[in-house]
Protein chains: 2
Amino acid sequence: MNETIKILNKRRSVRAWETTPITEHHLKTIIHATMRAPTAGNQMLYTILQVDDQKKKDKLAKTCDNQPWIAKAPLILIFLSDMQRWYDFYASCGVKELCEKQNLTYRTPKESDLMISSCDALIAAQNAVIAAESLGIGSCYIGDIMENIEIHREMFNLPKWVFPITMLCFGYPKSKIENPKLTPRFDEKYVYYHDEYKRLEKEDFDEMFKKKIEAFNNMEKKPSGVDNFGQQFYTYKTGADFSVEMERSVKKAIKDWNEAKS
Amino acid sequence: MNETIKILNKRRSVRAWETTPITEHHLKTIIHATMRAPTAGNQMLYTILQVDDQKKKDKLAKTCDNQPWIAKAPLILIFLSDMQRWYDFYASCGVKELCEKQNLTYRTPKESDLMISSCDALIAAQNAVIAAESLGIGSCYIGDIMENIEIHREMFNLPKWVFPITMLCFGYPKSKIENPKLTPRFDEKYVYYHDEYKRLEKEDFDEMFKKKIEAFNNMEKKPSGVDNFGQQFYTYKTGADFSVEMERSVKKAIKDWNEAKS
C-alpha cells in the first residue's frame with residue numbers, strides 16, 4: 001500500500017488541537033495543493049476564506065450550531081462556492097450588452113451554477129484535508145457554515161453569488177495516535193452499486209445497522225418517546241433544530257442567488 | 001515535499017486511456033479509500049454507481065454534452081447525493097408516525113439536504129481521484145452528469161431523493177508523462193482571502209486574465225460578434241447550450257426532490 005492510500009485510509013476527524021499555530025511552510029503547502037485541485041473548465045469557481053480574526057472565530061463557534069472548539073482551531077478555512085468573480089468579470093466585459101445586442105438571453109447564475117461551483121469548492125476542500133493529513137495536521141469539516149446565511153454574509157462581506165458550502169478547522173492533533181480506531185463505514189454492498197440504483201428494505205437495514213440497533217436495544221434508559229434506533233437518530237440529527245435552520249438558511253441563500261441581478 | 005503532496009500537485013485531467021481495464025486490486029483499493037472519506041455524522045449520504053454496461057457508457061457519451069471519449073473510459077463511477085437510503089430507513093422505522101403522534105413536523109429532504117449530501121459525495125469523489133492518481137490511474141470529472149436528469153433517472157433507476165452530482169472517468173493514461181505541463185491557476189491573491197471577501201474590479205481582471213486577453217487580442221480570426229476574451233468565454237461556456245440544459249435539469253431535479261413524499 002502506498003503512502004497516499006495509507007493517509008486516505010487512516011484519516012479521521014480531529015477536534016482537539018495543540019494551540020501551536022500552523023507553520024507558514026505548512027500553510028503555504030496546503031493552500032498550493034488546494035489550488036491544484038481539479039476545477040470545471042479551469043474556472044476555479046471557489047474562494048478560500050481564511051478566518052484569522054479571533055472575534056470571528058468566536059462567533060462562528062456560536063453560529064455553527066454552538067460548537068465551542070471551533071473558536072480554538074489554529075486554522076479555519078471557509079470554502080465559498082463563487083460565481084461572483086466570473087460575473088463581475090463578465091460585467092466588466094459588457095457581456096450583458098452583447099447579449100442584448102445579439103438578442104440572446106443573458107444567463108445569470110441559477111441552481112446549476114451553485115451546484116457546479118460547490119463541486120469545485122468541495123473538491124478543493126478535500127485536497128486541503130489530504131494535504132494537511134500528510135503533514136500531520138488534523139482537520140474537521142463543519143457543514144453548519146450553511147446555517148445562518150444572513151449572519152455569515154455580514155461577517156464576511158459575501159455577495160449573493162457566493163455561498164459558504166463548507167468550513168474546515170485544522171490543527172496539530174493534541175494526542176498523536178499511531179493506529180487510530182476508525183469509525184466503521186456501511187458495508188460496501190449498501191453504498192456501491194453496478195449499473196443501477198437499488199432501494200434497500202427493512203431486512204437490509206436490520207443488517208446494515210445491526211450494531212447500532214443492538215446498542216439502542218441494550219440502553220438501560222432509552223430517550224423518552226422513541227421506540228427504535230431510526231427514530232432516535234432522526235430526532236437528534238435529521239429532524240433536529242440545526243437541520244431546520246440549515247433548511248431555512250439554504251432556501252434563503254438559493255432564493256437570493258436566483259433573484260440577484262449583479 | 002512528501003509523496004502525497006507531490007501527487008496532489010501534479011494531478012491533471014486525463015481523457016486518453018489505454019484500453020486495459022483497471023485491475024481488480026486497484027479497483028478495490030480505490031473503492032475502499034473512497035469510502036474512508038469524511039462524511040457528515042458518519043451518515044454516508046452518497047452512493048457510488050459504477051457503470052459497467054457498455055450501452056450505458058455509450059449513452060452517457062451523448063447525454064453528457066456529447067463527449068465521445070466517455071464511452072471508452074475503462075472505469076466510470078457516478079457519485080450520487082443520496083438522502084433516499086436514510087429516508088427509506090426512517091420509513092421502515094415509523095419516524096413519520098412518531099412525528100404525527102408527537103405533533104412534530106416530519107422533515108422530508110429539502111435543498112439543504114441536497115447540499116449536505118452533495119458535500120459527502122464530492123469529498124468521497126476526490127478521495128477516489130487521489131487514490132487513483134497514486135496508483136498511476138488518470139481521471140476526469142464530468143459535471144455534465146447533472147444534465148438530462150429525466151434520462152439519467154431512467155437509465156439508472158434513480159429515485160427522487162438521489163441526485164447525480166458528479167461523474168468520474170478513470171483509466172491508465174495512454175502516454176505516461178513524467179513532468180506534465182500543468183494548467184496555470186489564478187494567482188493566489190484572487191482566490192484566497194483573509195477574514196473577508198473582496199470583489200474584484202476591472203484592473204484586477206486585466207492582470208488576472210492577462211495571458212488569455214493577450215491570446216484573444218492576437219487571434220488572427222476572432223470569433224464573430226465578440227469583442228473581448230470575457231465575451232468569448234461566456235459564449236462558449238457560461239451561456240452555452242450545455243449550461244442552459246444544466247440549469248433546466250438541476251431546477252427540475254430540485255423541484256422533484258422538494259416535492260417528493262417518499
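My entries below go from the interface to a few single residues.

**Ground rules.** The model is predicted, so I kept in mind that local features need pLDDT of at least 70 and side-chain atom pairs count only at pLDDT 80 or more, while totals for chains, interfaces and linings use all residues. Residues are numbered from 1 along each chain as its sequence is written, chains are lettered from A and ligands numbered from 1 in the order in which they are written, and side-chain values use heavy atoms, with hydrogens and water left out.

**The interface.** I started with contact, meaning heavy atoms within 4.5 Å. I found 121 residues of chain B in contact with 121 residues of chain A. Next I looked up buried area, which is the accessible area (1.4 Å probe) that two parts lose on being put together, summed over both. For chains B and A it comes to about 10600 Å², with 61% on carbon and sulfur atoms. In chain B, the residues losing the most area to chain A are B:Arg36, B:Arg185 and B:Tyr197, which together make up 9% of what that side buries.

A salt bridge here is a side-chain nitrogen of Lys or Arg within 4 Å of a carboxyl oxygen of Asp or Glu. The rule gives six of them across the interface. I also looked at the one between A:Lys251 and B:Glu111, at 2.9 Å from N to O.

**Strands across the chains.** Helices (H or I, at least four residues) and strands (E, at least two) are DSSP runs, numbered from the N terminus. Two strands pair if DSSP finds at least two bridges between them. Strand β5 (residues 192-194) of chain A runs parallel to strand β1 (residues 46-50) of chain B, and three bridges join them. I picked A:Tyr192 and found its bridge partner in β1(B) to be B:Ile48.

**Helix α1 of chain B.** Which residues of this helix are buried? I count a residue as buried under 20% relative accessible area, exposed over 50% and partly exposed in between (1.4 Å probe, protein chains only). In α1 (residues 3-10), the buried ones are B:Thr4, B:Ile5, B:Ile7, B:Leu8 and B:Asn9. They pack against α1 (3-10), α2 (24-35) and α6 (111-134) of chain A, and also against α6 of chain B.

Most residues other than glycine have a negative phi. A:Met44 is not a glycine, yet its phi is positive, about 50°. I placed A:Met44 in the loop between α2 and β1 (46-50) of chain A. Its relative accessibility is 0%, so A:Met44 counts as buried. B:Asn148 also has a positive phi, near 50°. That residue sits in the loop between β3 (138-142) and α7 (149-156) of chain B. B:Asn148 is buried too, at 17% relative accessible area.

**B:Glu18.** Where is B:Glu18? I found B:Glu18 in the loop between α1 and α2 (24-35) of chain B. B:Glu18 is partly exposed because its relative accessibility is 32%. Leaving aside neighbours within four places in sequence, B:Glu18 touches B:Pro74, B:Tyr172, B:Pro173 and B:Lys174.

**A:Ser243.** My last stop was A:Ser243, in helix α11 (residues 241-259) of chain A. A:Ser243 is at 10% relative accessibility, so it counts as buried. Beyond neighbours within four places in sequence, A:Ser243 is in contact with A:Lys237, A:Thr238 and B:Arg107.
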